[in-house]
2 protein chains.
Amino acid sequence: MKVLVIGTGAAGLTTASTIRKYNSDIEITVLTQENYIAYSPCAIPYVIGKEIKDFKTIVMHEPEDYAKKNVEILINSEVVDINADEKTVVYKKADEINEIKYDKLVLATGGTPFIPPIEGVNSKGVFKVRTIQDGMDIQNYINKNGVKKVVVAGAGAIGMEMAYCLKEIGIDVSVIEMVPQIFPRALDPDMAKIVQNYLEEENTSEDAKLNIILEKPVGKIIADDNGAVCGVMVGEETLEAQMVIMSTGVRSNIALAQKAGCKIGRWAVLTDEIMETSVADVYAVGDCVEVVDAITGEQTLSPFGTTAVRQAKVVGKNIAKLENAPVSKPVLNSNVTKIGKLEIAGTGMSEIGAGMNNIEVITTITKSASRARYYPGGKPIYIKLIVKKDDNRVIGCQAIGEERVTERIDAMSIAISKGVTVEELANMEFSYAPPVSMVVDPLFLAAENTVEKIKKENQ
Amino acid sequence: MKVLVIGTGAAGLTTASTIRKYNSDIEITVLTQENYIAYSPCAIPYVIGKEIKDFKTIVMHEPEDYAKKNVEILINSEVVDINADEKTVVYKKADEINEIKYDKLVLATGGTPFIPPIEGVNSKGVFKVRTIQDGMDIQNYINKNGVKKVVVAGAGAIGMEMAYCLKEIGIDVSVIEMVPQIFPRALDPDMAKIVQNYLEEENTSEDAKLNIILEKPVGKIIADDNGAVCGVMVGEETLEAQMVIMSTGVRSNIALAQKAGCKIGRWAVLTDEIMETSVADVYAVGDCVEVVDAITGEQTLSPFGTTAVRQAKVVGKNIAKLENAPVSKPVLNSNVTKIGKLEIAGTGMSEIGAGMNNIEVITTITKSASRARYYPGGKPIYIKLIVKKDDNRVIGCQAIGEERVTERIDAMSIAISKGVTVEELANMEFSYAPPVSMVVDPLFLAAENTVEKIKKENQ
């Protein structure tokens with residue numbers, strides 16, 4: 001059997017590795033139009049910010065590493081057509097057109113940054129952040145042009161990570177966001193405000209500044225005589241800037257799936273629970289597919305490396321015909337980012353999301369701490385719980401703090417996926433030692449506060 | 001109504017605070033034979049090690065703070081008798097004997113270090129570690145006598161914490177343990193060995209040394225002409241030591257419960273699920289009670305501050321007649337300690353414990369890391385999973401690492417208490433960002449490894 005995988009991101013390469021791990025006979029070829037494979041796109045901002053030494057460091061494997069495992073990688077190879085009836089794929093390498101046959105095809109085509117049609121958006125110095133090449137281009141442009149001021153369009157996770165990392169290398173950054181909050185997808189407005197205050201308080205130092213401008217679109221990018229960015233219009237104001245980062249969302253790459261005849265949902269490719277599309281022997285994984293939301297049961301997107309890897313393990317184990325192979329589960333879209341010292345994480349439904357889905361919720365934000373209050377170095381932790389009114393189940397959690405945030409969200413991911421009620425959480429067992437936690441865990445306290453709020457509202 | 005609480009540890013004071021939080025009318029008096037209240041006994045080693053400035057810092061409240069909440073605290077007041085028929089308690093303060101009436105009595109009498117009858121154990125310089133007074137006595141003795149070498153008898157959590165903290169202030173420490181491993185209650189031998197290797201590798205520096213001597217009892221404590229410790233016999237060898245710390249276990253304080261006529265189990269006071277003893281209107285919470293083991297359903301002990309606080313909240317909310325007040329749940333005995341940089345944590349059943357309870361298990365130890373492998377500062381994490389053979393449910397987890405360990409154990413506490421199977425865990429959703437986690441979470445990887453081991457054993 002021959003398996004063809006299109007895409008060398010987390011989804012594509014994990015699919016290939018998983019098949020090989022459980023089956024040494026299947027032929028595996030992975031195609032990518034990129035020059036680099038097996039790098040971590042999530043790490044790009046941290047290389048820019050010099051938290052990670054260089055781009056080479058975030059490339060985890062070379063094609064030769066896969067060749068040793070008998071997985072063929074074809075780089076710089078752009079797939080231009082798929083014929084699902086004949087089970088063939090046509091790709092272009094340099095100027096050569098090749099055809100390749102498959103028994104099973106896995107689409108791991110990922111997503112592409114959405115760039116809104118703003119005037120001047122094609123000027124020199126306007127960048128997106130998706131591939132390692134994007135990262136290298138940004139770094140080169142900064143070094144060559146002595147960039148001092150940058151505008152970041154879009155205050156989602158990638159935009160905020162880029163903004164902070166640029167500030168870390170001494171660049172003044174303005175983040176422009178159309179909606180009235182930062183992290184519009186990951187956080188509710190009240191939690192986003194906590195992060196914003198934290199970042200704005202850091203601006204009192206002599207270092208570079210990170211300015212956040214909300215409820216305004218980028219109006220126009222202004223270029224100089226050489227066609228290079230020199231300013232950005234935001235409302236009535238013109239901001240000086242030698243570079244613009246467009247972090248204005250990502251769209252699933254569905255063109256190839258469409259060529260294969262796969263059914264497309266509202267945004268991306270539809271699959272069953274073993275990631276097979278509507279076309280027999282064509283599978284899809286990662287940012288190019290739709291998934292089921294664990295809370296609403298509706299279709300949604302889950303553009304996270306972790307989801308890609310889980311799906312790739314599902315498809316890999318199923319293609320390798322592993323006994324009791326797993327199936328893809330509905331998602332909570334657990335997510336985390338680190339902005340400077342701050343961990344910002346969430347899982348499940350937000351309050352905003354609940355409103356949009358007509359789910360009545362009770363929410364609380366509890367400020368607590370990461371260590372016993374007398375133990376030096378403890379930091380505040382803010383926890384927001386979102387609890388469904390009809391059955392008191394916890395359906396969402398967001399957390400912010402300088403330490404011990406990420407794994408608490410993972411704990412809540414488990415709790416939510418197992419249907420834990422807030423009363424259960426307010427009587428759950430946590431571990432404790434003064435240097436690492438409080439005797440009443442922040443999650444326990446958050447749950448207890450929510451139980452009390454529910455009682456009060458019911459009185 | 002008048003509630004009398006005996007004991008001002010976490011159990012007793014949380015009981016008082018919880019009742020007061022939900023009811024402003026109930027009269028509350030708390031008695032203790034100690035001089036200090038509301039301090040954290042878990043913090044004593046860290047004060048000795050100067051990680052925390054002084055003992056004053058770990059005292060969180062004074063009796064006056066409780067007086068403001070209309071909770072009366074009687075310090076230096078030793079309860080000498082209980083008459084449950086007449087609902088009276090007799091206590092001694094200075095030389096005065098007083099009687100006090102109650103409507104409900106809460107025993108939060110805690111535990112007392114068990115000191116084995118070793119020759120020389122009453123010498124000057126032999127200490128236990130339980131109360132803040134013990135801690136202050138140890139610190140004074142070190143300062144007055146220029147202690148350079150210490151023997152710690154018992155390699156449980158308290159012994160190991162004390163040993164490490166003494167080393168941190170420049171004292172050579174030998175820990176003597178009868179069984180063939182450190183952390184005999186919290187860890188399996190294979191995980192304990194990882195901690196031991198880590199600690200022994202630290203000994204290569206010029207600093208004070210921490211030596212671990214296993215499978216040997218403390219034979220005799222040798223005193224000089226002034227009756228002060230000068231050495232300890234361990235097997236054939238005599239170790240020089242100016243101080244001995246006895247961390248050889250704790251026994252529940254049940255004498256007062258016996259006076260009240262409460263039924264006692266194998267080790268401690270028996271209660272129902274709202275913490276009421278066999279005697280009407282007499283409750284018991286904290287280290288003096290037995291609890292139910294969540295895995296075996298058998299009686300066990302749970303001498304942890306977290307358990308004490310949960311139980312105190314249960315009894316407090318029930319005495320305050322809170323609607324839908326919680327009940328006490330079986331325990332997993334989640335626990336964590338920090339030894340130097342190392343977090344050492346566990347929850348649920350150990351492999352050793354499973355063997356003693358005739359539960360067939362499959363176990364794995366997975367070495368993973370705390371951050372993406374290219375992100376600077378990542379540290380190894382070791383995770384041991386203990387999975388029941390008949391239904392593949394995870395029943396225990398132990399973890400060791402320099403960061404991001406504690407909350408993973410809390411996540412596993414939730415997972416185990418909700419009956420998660422190892423297959424479910426190997427398909428569970430975790431959050432990811434390079435500075436804070438790996439794209440395949442250490443727990444996910446541990447679960448996947450265990451699933452594979454199960455498959456292989458079934459072949």
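Figure 1. Q242(A) is buried, its relative accessible area being 19%; buried means under 20% relative accessible area, exposed over 50%, and partly exposed in between (1.4 Å probe, protein chains only). The model is predicted: local features need pLDDT of at least 70, side-chain atom pairs count only at pLDDT 80 or more, and totals for chains, interfaces and linings use all residues. Residues are numbered from 1 along each chain as its sequence is written, chains are lettered from A and ligands numbered from 1 in the order in which they are written, and side-chain values use heavy atoms, with hydrogens and water left out. Q242(A) sits in the loop between strand 15 (237-240) and strand 16 (243-246) of chain A. Helices (H or I, at least four residues) and strands (E, at least two) are DSSP runs, numbered from the N terminus. A polar atom of the Q242(A) side chain lies 2.7 Å from the backbone nitrogen of K148(A). The Q242(A) side chain also makes a polar contact, at 3.2 Å, with the side chain of E240(A). A polar contact is a pair of N or O atoms within 3.5 Å; within protein, one must be able to donate a hydrogen and the other to accept it, and residues adjacent in sequence count only if both atoms are side-chain atoms. Neighbours within four places in sequence aside, Q242(A) is in contact (heavy atoms within 4.5 Å) with G125(A), Y141(A), V147(A), K148(A), K149(A) and V229(A).

**Figure 2. The end of helix 4 and M243(A).** N145(A) belongs to helix 4 (residues 132-145) of chain A. At 42% relative accessibility, N145(A) is partly exposed. N145(A) and M243(A) are 98 residues apart in sequence, and their C-alpha atoms are 9.5 Å apart in space.

Figure 3. In chain A, 5 strands form an open sheet with parallel pairing, in the order 9-16-10-11-12. Two strands pair if DSSP finds at least two bridges between them. Strand 9 (126-128) and strand 12 (210-214) of chain A are at the edges; each has a single partner strand, so one side of each has no neighbour in the sheet. On average, neighbouring strands of this sheet are turned by 20 degrees against each other, direction ignored. Strand 11 (residues 172-177) of chain A is joined to strand 12 of chain A by 5 bridges, and the two run parallel. Opposite S174(A) stands N211(A) in strand 12 of chain A. Helix 4 of chain A packs on the sheet and touches strand 9 and strand 16 of chain A, its direction making about 150 degrees with that of strand 9 of chain A. Helix 5 (residues 157-168) of chain A also packs on the sheet, where it touches strand 10 (149-153), strand 11, strand 12 and strand 16 of chain A; its direction makes about 165 degrees with that of strand 11 of chain A. Axes are lines fitted to C-alpha atoms, for helices over the stretch in contact, and angles run from 0 to 180 degrees between N-to-C directions.

**Figure 4. Aromatic pairs.** Rings of Phe, Tyr and Trp (its six-membered ring) pair if their centres lie within 6.5 Å; planes under 30 degrees apart count as stacked, over 60 as edge-to-face and the rest as tilted. The count by this rule is 4 aromatic pairs over all chains. The ring centres of Y375(A) and Y46(B) are 5.8 Å apart and the planes stand at 85 degrees, so the pair is edge-to-face. This pair crosses between chains, from Y375(A) in the loop between strand 23 (361-369) and strand 24 (380-388) of chain A to Y46(B) in helix 2 (residues 44-48) of chain B. Y375(A) is buried at 9% relative accessibility, and Y46(B) is buried with a relative accessible area of 1%.

**Figure 5. The antiparallel sheet of chain B.** In chain B, 5 strands form an open sheet in the order 21-22-25-24-23, with antiparallel pairing. Strand 21 (335-339) and strand 23 (361-369) of chain B are the edge strands, and each pairs on one side only. Strand 23 and strand 24 (residues 380-388) of chain B pair in the antiparallel sense over 9 bridges. T366(B) has I383(B) opposite it in strand 24 of chain B.
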